[in-house]
Amino acid sequence: MAAFVVKPKDNGAVYSDYFQKLNQELRSSGPGKPIVLLDLDRLDANLKVLKEKIQPPLQYRVVVKSLPSLDLLRYIVRETGSRRLMVFHSGDLVMLLNDPEFQKFDILLGKPMPVAALSEIYSRTKKENFQKVQWLLDTSTRIEQYLEFAKKKDLKLKLNLEIDIGLHRGGFPNPEASLQALDLIQENSDRLSFSGYMGYEPHVASVPTIFRDKIAAMEEALGESLQRYSSHIELGKRKYPKLFTSDLTFNGGGSKTYKFYQKHLGVVNDLSLGSALVKPTDFDVESLEEHTPAVFIATPVLKKLEGTQIPFLESISFLFPLWDPNQEVTYFIYGGAYSAKKESPKGLQDNSLFGSSTNQSILNGSKATKLEPDDYVFFRPTQSEKVMAEMGEIHLLRGNKLSGIWKCFIN
């Protein structure tokens with residue numbers, strides 16, 4: 001059977017109006033190096049959506065790892081009124097517990113920590129701040145380790161139990177499995193206190209759909225996960241009513257699912273999310289269509305060459321753009337190999353023969369891209385935390401103009 005190969009079409013295009021304005025601003029006032037850009041106007045629009053979707057009795061908890069800058073965190077808690085944080089890294093926790101403002105916040109761990117990490121955190125923080133944290137525990141064995149640590153250091157620790165409500169990434173798999181944990185907490189009430197549950201459900205966004213609406217399918221899947229969540233609460237209350245008398249944190253949510261919880265009140269009272277506020281590409285999902293991408297990488301074009309010249313293949317390199325118009329021009333950019341996808345101008349592509357580089361990456365494009373040296377190529381990060389931490393700082397935009405710099409913290 002004959003094989004047919006389709007000649008590539010020209011995918012090149014000039015900047016969109018938004019990125020044309022950003023390019024002009026960076027050419028005139030930018031630092032001439034790869035930077036992370038945060039559009040505060042777009043962030044504000046996303047915060048407005050969040051405040052519409054999360055209303056009392058639900059409370060918003062800021063996911064610190066997705067927004068790794070103290071200035072950015074301060075901006076978000078000021079705009080939302082939240083005094084709740086979810087922390088995933090021991091270094092972040094130490095920093096926050098030593099910060100005059102954030103040490104007063106309600107801090108919940110987002111993953112269980114080995115007792116060795118617990119000890120290291122304790123050695124670098126004040127006892128009174130350390131004891132305010134809600135530590136996340138996933139097994140009775142780990143609770144026993146924390147109990148021994150609390151006895152040794154004369155502490156009383158708040159424990160929040162991780163429960164599996166469908167993700168199957170650990171945690172107590174069913175209500176009965178957590179009874180031993182609750183018993184340990186109740187029998188050692190001088191050293192341990194029960195602060196609630198955490199049930200994470202990002203799998204809801206991946207629910208399969210066959211001839212049905214994706215949003216409706218997600219809502220149905222969330223409802224099933226919340227039934228599992230509710231069964232943990234009901235059995236816990238019945239078996240250990242003394243542990244359920246005070247205000248407890250029943251945490252859930254995530255960027256891809258948070259908007260549905262207002263329709264499912266009565267189980268979860270505490271919602272965590274962070275990435276939805278800046279919307280990297282991993283969060284391009286139907287449930288976040290109201291959110292706008294707010295974070296980008298911008299890096300300058302260092303060199304522009306006509307055609308695509310490949311070492312040792314110079315004699316036939318002229319054939320590449322004849323076949324593929326998207327190889328008419330070669331651009332070398334400052335840096336590269338980012339955890340990101342090319343955003344503007346459209347039609348740029350990696351050169352598979354050269355490969356990527358963190359020093360000077362080669363991009364090919366058609367003449368329709370119309371890039372020149374010192375113009376900027378714009379990327380959208382796949383995740384916000386990785387690129388912010390790698391770059392070390394965030395360059396702010398307000399009204400398409402550079403308006404300041406916020407430092408990031410690095411783990």
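Which residues do ring pairs link into a cluster? In this predicted model, the cluster consists of Tyr15, Tyr18, Phe19, Phe296 and Phe378. A search of the whole structure finds 17 aromatic pairs. A pair of aromatic rings is described by the distance of the centres and the angle of the planes. For Phe19 and Phe296, the ring centres lie 5.2 Å apart and the planes stand at 90°, so this pair is edge-to-face. Phe19 belongs to helix H1 (residues 17–29) and Phe296 to strand E10 (residues 295–306), so the contact ties together parts that are 277 residues apart in sequence.

Another aromatic pair, formed by Tyr75 and Trp406, is tilted, with 5.8 Å from centre to centre and 50° between the planes. Tyr75 is part of helix H3 (residues 70–80), whereas Trp406 is part of strand E17 (residues 401–407), so this pair ties together parts that are 331 residues apart in sequence. Tyr75 has a relative accessible area of 9% and is therefore buried. Trp406, with a relative accessible area of 13%, is also buried.

Aromatic rings also meet charged side chains. The charged end of Lys65 sits over the ring of Phe88, 5.2 Å from the centre of that ring. In a second case, the charged end of Lys303 sits over the ring of Phe332, at 5.5 Å from the ring centre.

By class, the lining of the largest pocket comprises 11 nonpolar, 13 polar and 8 charged residues. Strands E8 and E9 each contribute at least two residues to this lining.

Where does strand E8 stand among its partners? Strand E7 (residues 192–198) is joined to E8 by 3 bridges, and the two run parallel. Within this pairing, Tyr197 stands opposite Phe250 in E8. Strand E9 (residues 270–273) is also parallel to E8, and 2 bridges join them. Here Asn251 stands opposite Asp270 in E9. In a regular strand the side chains alternate between the two faces of the sheet. In E8 (residues 249–252), Thr249 and Asn251 point one way, while Phe250 and Gly252 point the other way, and all are buried.

The second largest pocket has a volume of about 190 Å³. Among the residues that line it are Leu50, Lys51, Ile54, Gln55, Tyr60, Thr80 and Arg84. Helix H2 (40–53) and strand E2 (59–63) each supply at least two residues of this lining. The lining of the second largest pocket contains 4 nonpolar, 5 polar and 3 charged residues.

The loop between H2 and E2 includes Pro57. The peptide bond that joins Pro56 and Pro57 is cis, with omega about 10°. A cis bond also runs from Ser344 to Pro345, where omega is near 0°. Pro345 lies in the loop between strand E12 (340–344) and strand E13 (349–350).

The structure holds 1 cavity of 30 Å³ or more, and about 70 Å³ of space lies in the largest cavity. Its lining includes Glu162, Asp164, His168, Arg169, Met198 and Tyr200. The residues lining the largest cavity divide into 5 nonpolar, 2 polar and 3 charged.

Asp154 is a residue other than glycine with a positive phi, near 60°. The loop that holds Asp154 lies between helix H7 (140–153) and strand E6 (157–162). With a relative accessible area of 44%, Asp154 is partly exposed. Asp374, likewise not a glycine, has a positive phi of about 80°. Asp374 is placed in the loop between strand E14 (360–365) and strand E15 (376–381), and at 49% relative accessibility it counts as partly exposed.

Key. Residues are numbered from 1 along each chain as its sequence is written. Side-chain values use heavy atoms; hydrogens and water are left out. Buried means under 20% relative accessible area, exposed over 50%, partly exposed in between (1.4 Å probe, protein chains only). Helices (H or I, at least four residues) and strands (E, at least two) are DSSP runs, numbered from the N terminus. Two strands pair if DSSP finds at least two bridges between them. Rings of Phe, Tyr and Trp (its six-membered ring) pair if their centres lie within 6.5 Å; planes under 30 degrees apart count as stacked, over 60 as edge-to-face and the rest as tilted. A charge sits over a ring if NZ of Lys or CZ of Arg is within 6 Å of the ring centre and within 35 degrees of the ring normal. Ala, Val, Leu, Ile, Met, Phe, Trp, Tyr, Cys and Pro count as nonpolar, Asp, Glu, Lys and Arg as charged, and the others, Gly among them, as polar. On a 1 Å grid over the protein atoms alone, a cavity is a set of points where a 1.4 Å probe fits but cannot get out, and a pocket is an open set with protein on both sides within 12 Å along at least five of seven lines; lining residues have an atom within 4 Å of a point. Grid points are joined across faces, edges and corners, and a volume is the space filled by probe spheres set on the points.
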